[in-house]
Amino acid sequence: MDYSSELKNKIQQARSFGNRPWPELPYSNFKTLIEQRCNDDRIWLIYRDLNNRRTELSYRAFCDLVIRLAHFMINKGLRDGDSIATVSHNHWHTVVQYFAAWLIGVVVVPINVGEDDERISYILDNAGVKLTFIRDEYEDQMQSIIHSRASLSQIETCICSDSLDPFLITGNLEDLPTRVEGESDALIVYTSGTTGNPKGVLLSQNNLMEDARSISEWHRLNDLSTMMCVLPIHHVNGTVVTLVTPFYAGCSVVLNQKFSVAQFFSVINEENVNIVSVVPTLLQFLSYGFKDKDIPQCPTLTHIICGAGPLTVGVARHFEGTFNIPIIHGYGLSETTCYSCYLPLDLPADEHNRWMRDYGYPSIGIPLPVNDMQIHDSSGNPLNEDEKGEIVIRGPNVMKEYYANELANKNAFTYGWFRSGDEGFFKYDGEGRPYFFITGRLKELIIRGGINLSPLEIDEVISKAPGVETGITVGFENDWYGEEVGAYVKMKEDQPPDAQAILDYCRSKLPFSKSPKVVVFGDQIPVTSTGKYQRLKVSSEFNKWKGTQFKK
């Protein structure tokens with residue numbers, strides 16, 4: 001999309017450090033990285049499915065599959081800049097598809113199979129997807145989506161079952177295109193906005209490798225390290241932290257099809273895992289899952305990475321106290337590739353506890369070397385220690401743009417920094433390092449279990465429920481999912497309040513994750529002078545459900 005020179009300059013400012021130099025990456029693109037790994041016989045990827053069946057791949061074996069699948073894509077007419085979609089749960093086949101695409105400069109568009117059909121349809125259309133790799137259990141749903149919209153009818157579908165063999169072509173790495181550059185598009189991940197359709201976060205190959213470099217150095221990864229992935233790899237956390245980062249660092253990763261409380265610690269011990277990346281929801285599930293059980297000992301596990309959702313002091317204290325495993329809390333967004341800051345690993349226990357417990361919110365740590373962070377006021381001016389404002393970020397890990405979305409880009413890059421939409425503050429330590437904290441969000445997204453939900457989408461359904469005059473979606477603090485979805489409702493004059501009828505109606509129209517779990521009734525819906533809903537004004541009405549785990 002052809003943006004104005006002013007907007008291009010602001011985006012470029014946000015993707016750099018101004019005049020501060022930054023060392024070049026050791027790899028110019030994914031092809032040079034794969035070249036470095038393709039003759040390595042060490043273990044790279046261990047996949048464990050829901051039945052605990054184990055598949056093990058060396059770097060050499062994995063890269064051979066990647067190269068052969070890349071030749072298949074070329075044979076299908078795909079060229080650098082084209083887009084493919086992956087429709088899958090966590091599976092090692094999907095990892096091969098990611099790296100094969102990046103090898104030849106093809107863009108990956110991961111599809112969250114939990115999304116509704118209309119959003120999936122929009123994503124496929126907006127990203128200009130030409131080919132989809134679909135695991136066979138999702139074939140009927142995807143074929144229905146693709147054939148229901150004329151603009152998607154040209155998408156070719158590849159159905160993946162137990163083998164990659166149908167999609168492999170013999171060929172050499174040297175025979176593949178060489179046009180791929182570090183700034184070649186690599187990934188478009190779609191994130192919910194507060195209005196309308198989801199926004200496509202466009203990340204380059206450099207974005208992925210820059211964040212991987214900082215993450216691997218921060219967590220001291222080496223060729224003997226083993227990470228574990230329990231998060232969905234359609235999300236940047238699963239992809240960047242526990243796929244790209246260990247591949248970049250030359251270490252191993254254990255990929256689980258799905259998170260399991262029962263298997264979590266046993267897999268760590270069986271595979272000698274050193275680091276796992278989770279979201280706060282999983283910490284809560286683990287703490288309660290072992291409430292009346294013997295606490296497992298995991299001698300190889302050094303720490304747990306946690307981010308991608310609101311972590312409370314109580315959840316953090318409970319987990320660390322129960323398992324004696326330090327949480328290295330951090331923060332980032334899809335728009336900054338993934339992580340932008342972490343707590344330091346080498347803090348003494350008392351200092352670690354102070355930053356995690358003493359300021360009302362667990363600190364998200366100090367900025368990674370790959371980016372600068374500040375707190376700005378609404379006019380883009382930097383604020384001082386303890387002053388609340390918007391968290392802003394700039395550096396080589398900032399996205400290329402919101403894909404083909406000029407308005408979103410104007411709003412995000414107004415002052416030459418990426419504006420996170422999150423409110424926070426910072427405090428200096430004795431060494432003059434700024435420790436950042438999040439206090440809330442300036443935008444109205446609800447982050448439930450690390451997944452962004454748009455309240456306006458849910459508003460539409462609540463307001464059509466039986467007897468409702470007006471209803472708004474309210475995200476409220478919840479120990480299990482970080483935030484849960486509530487409905488604040490004003491009924492029509494002649495209609496008695498019926499919370500269950502409203503909940504049942506919403507559940508019939510929305511997936512469980514997006515459906516309100518609680519209804520609170522009120523006489524007025526709070527609005528600003530310009531008519532905008534003030535959701536935060538009624539969020540305290542839902543405090544009594546903070547500790548409730550809502551189930552289907």
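Analyst: Across the whole structure, a search finds 39 aromatic pairs, that is, Phe, Tyr or Trp rings (for Trp the six-membered one) with centres within 6.5 Å. The model is predicted, with local features requiring pLDDT of at least 70 and side-chain atom pairs 80 or more, while totals for chains, interfaces and linings use all residues. Numbering runs from 1 along each chain as its sequence is written, and side-chain values use heavy atoms, without hydrogens or water.

One of the pairs joins W355 and F437, whose rings are 6.2 Å apart from centre to centre. Because W355 belongs to helix α12 (residues 349–357) and F437 to strand β20 (residues 434–441), the pair ties together parts that are 82 residues apart in sequence (DSSP runs: helices H or I, at least four residues; strands E, at least two). W355 and F437 are both buried (under 20% relative accessible area, 1.4 Å probe, protein chains only). Ring pairs also link a cluster made up of F30, W44, Y59, F62, Y98, F99, W102 and F247.

Turning to helix α9, which spans residues 261–271, its buried residues are F264, F265, V267, I268 and E271. Viewed down the axis of α9, these buried residues fall within an arc of 160°, so they line one face of the helix (directions from axis to C-beta atoms). Where α9 starts, a side-chain oxygen of S260 comes to within 3.4 Å of the backbone nitrogen of A262. After α9 comes N272, with a positive phi near 55°.

Conventions: Buried < 20%, exposed > 50% of the residue type's maximum accessible area, 1.4 Å probe, protein only. Polar contact = N/O pair within 3.5 Å; in protein donor to acceptor, adjacent residues only side chain to side chain. Phe/Tyr/Trp six-rings, centres within 6.5 Å; stacked < 30°, edge-to-face > 60°.
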